[in-house]
Amino acid sequence: MAVLQNNLILLLMAYSTNGQRPLHPDLPNPRIVVIGMSGAGKSSLANALLGCDPRGHECLFQVCPGTDSCTKETTYGMGPWLGSGQNFTVVDTPGFGDSDGEDDELIEEMMDILANVIEHADTMLLVIKGTETRFGEGLQNMLKRMTLMFGQSWWKYLVVGVSFWAYDESSIEDRICEPDYPEYCRDESWYAGEINQQLNEKFGVERNFTFVFTDSYSQTGSHLNDPFEQEHWQEETGILWDITTSRPDSFGFMTINDFMDENAKQRAEIKWLNDVITNNISAIHKHFDELEENLKSTIPSVGSIIAWLPTGPDPEQHHVDPIPIPNGWQRCDGSIVSEPLSPFYGLSTPNINGEEYFIRGGRDDKSSMTQDDLVGGHSHTVTDTGHTHTASASSHSHSIYSADWNKQADETNDSNKPKMDYDGGCFETQASPCHHKDTGNASPSVSVSKHSTGIQVDPYDSIETRPKNMAAVYIIRIY
C-alpha cells in the first residue's frame, strides 16, 4: 500500500472525551499544527511536508478542489520530513469560515484533539494564500478565537506559511522589484511586511513573524522537474524546519480539566488581587486624605500676601517669559476682585506694587492700613573734649585827632552851627584845642588749632529714606 511505502501513519481522531488524556501511539517530535481558512491550502501543504504529491490520492490528508474545506475533523499524521528526513508529526485542522457555518463545533473538536492527543506543538503554522494581502473578517475572527483559547503566548510559536506562491522562473521575474518603481514592488519582503503589519495592528502583538513561502504544488507533476521550484522549496521548508527544531520549549495545549483547574486558580488569584486592591485602595485613600490635609497646611490661606518674581530672579536678564499668575491669586495693584468665589469679591486689592510700599507687622484691626513717609523725632549729642584758637599780627600804632578843650563852650557858642564846621571835625568835649595824639605800639597774638570730633555725615541725593531692598511683585490670595 502507498501509505506503508511512504512510511506514514494516519490517525483519524473524531471522538469526545471527559477531559482525560486517552491512550495513543507516541507521536514523534517536532510537532507542527497547520491552521488557516478554508481553501488556503493547509491539507496540500501538510501532504507535501510528508513528501507526498499534494494531488495524489494516496496521500493522508484529503484535498478537495474549490474553496470549501474537505477537512471537517482534526487529523494528524507522522512520517519523515519531506519524505526522507527525520520523523515528525503534522496536524491538519479544519478550515474555518466556509459556507457550512460549523466553526463552533469544529473549534470544540479541534481543541479536544490538540489537548488530549497532540498535547503540544513546536510550531503553529498559519497558512495564508499569497494572492490575498488583506485580513478578511473570517481570518480575523479565527485568530481572535485562537488567542481566546490558547492565550497570548501562542503568538510566540506562530510561523506564517504563504501558499500559492509560485517559484517558476517566470513568476520569479514578475516579482523582481525595479529601483525606479518601488511602489510596484510585490516580492517576498513586501508581502511579509504587509502581513506582519496587519498582525501587529489588528491583534496587538509586537513581533516580527517568520515567513516561509511554501508552494506545495511545486511537489506535483511536472513541477518536480523545475530546478528553480525545487531549490526554493528546499530553501523555504528548511527555514520552517530550522525554527521548529531550534525552539527551547514547546507550546502545551490544555484539556477541559486543565482549563477548569486554571480557571479555578485564576479565580482564586483574582479574589486575592481584589482583596489586595481593595486594601490598597483604602490605604491610598487614607494616604491621600493625609496628603490633602498636609497640603492644605502648606498653602497660604485666603488673604495671604506673598512676594512673587514673574520674570525670574535676574533683574538684568529676563530670560524667561512672564509666568502666568497662579489660580486663586491676584496682583496687589489696586485692581478690583472680580472672582465671585472670593470673599473679597467687588473689593480692591491693596496697591502695594503701584505705591511701592514696604510691609510691616500690625494688629488685626490695623491690617491693610497705610502710612505716609515719616521721620521720628530724635536728637544728636556731640561731645567736644576742648580746643584752642590762636592768631598773631605785626606791631603797629594809631594816631587820634582829639581836642584839648570843648570848642562848643567858646565865646561864639553857636549851637546851630554844624559840628563839621568846628576845627577839622574835632568834636571832643574837653575844653582844649584839637591836636594829634599817638596811641603807642601793640603786638597782638592769636592761634587756631584744628580738633576733629569724629562725626561725619555724607548725604545721598535722594527724595526718600530707605534700607537696601529688592523689588518684587506682591500678590494676594483671593480664594
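The following dialogue examines several terms applied to this predicted model.

User: Why is helix 2 called roughly perpendicular to helix 7?

Analyst: The axes of helix 2 (residues 42-49) and helix 7 (residues 227-245) cross at roughly 95°. Angles of 65 to 115 degrees count as roughly perpendicular, and therefore helix 2 is described as roughly perpendicular to helix 7. The two axes come within 12 Å.

User: Which residues of helix 2 and helix 7 meet?

Analyst: On the side of helix 2 they are L45, A48 and L49, which meet W233, T237 and L240 of helix 7.

User: Why is L273 called partly exposed?

Analyst: The relative accessible area of L273 is 41%. Buried means under 20% and exposed means over 50%, with partly exposed in between, so L273 is partly exposed. This residue lies in helix 8 (residues 256-298).

User: What makes up the nonpolar patch on the surface that includes L273?

Analyst: The patch is formed by W272, L273, I277 and I281, and together these residues have about 410 Å² of accessible area. Patches are made of residues with over 30% relative accessible area, and L273 has 41%.

User: Why is E119 called partly exposed?

Analyst: E119 has a relative accessible area of 28%. E119 is located in the loop between helix 3 (103-118) and strand 5 (120-121). Its phi is positive, about 70°, although E119 is not a glycine.

User: Where is the cis peptide bond that has an omega of about 5°?

Analyst: That bond joins N29 and P30. P30 belongs to the loop between strand 1 (9-12) and strand 2 (31-36).

How values were computed:
Residues are numbered from 1 along each chain as its sequence is written. This is a predicted model: local features need pLDDT of at least 70, side-chain atom pairs count only at pLDDT 80 or more; totals for chains, interfaces and linings use all residues. Side-chain values use heavy atoms; hydrogens and water are left out. Patches are made of residues with over 30% relative accessible area and no salt bridge: like charges are joined within 9 Å, nonpolar side chains (Val, Leu, Ile, Met, Phe, Trp, Tyr) within 5 Å. Accessible areas come from the Shrake-Rupley method with a 1.4 Å probe; for residues, only the protein chains shown count as cover. A salt bridge is a side-chain nitrogen of Lys or Arg within 4 Å of a carboxyl oxygen of Asp or Glu. Helices (H or I, at least four residues) and strands (E, at least two) are DSSP runs, numbered from the N terminus. Buried means under 20% relative accessible area, exposed over 50%, partly exposed in between (1.4 Å probe, protein chains only). Axes are lines fitted to C-alpha atoms, for helices over the stretch in contact, and angles run from 0 to 180 degrees between N-to-C directions. Angles under 35 degrees count as roughly parallel, over 145 as roughly antiparallel, 65 to 115 as roughly perpendicular and the rest as oblique. Contact means heavy atoms within 4.5 Å.
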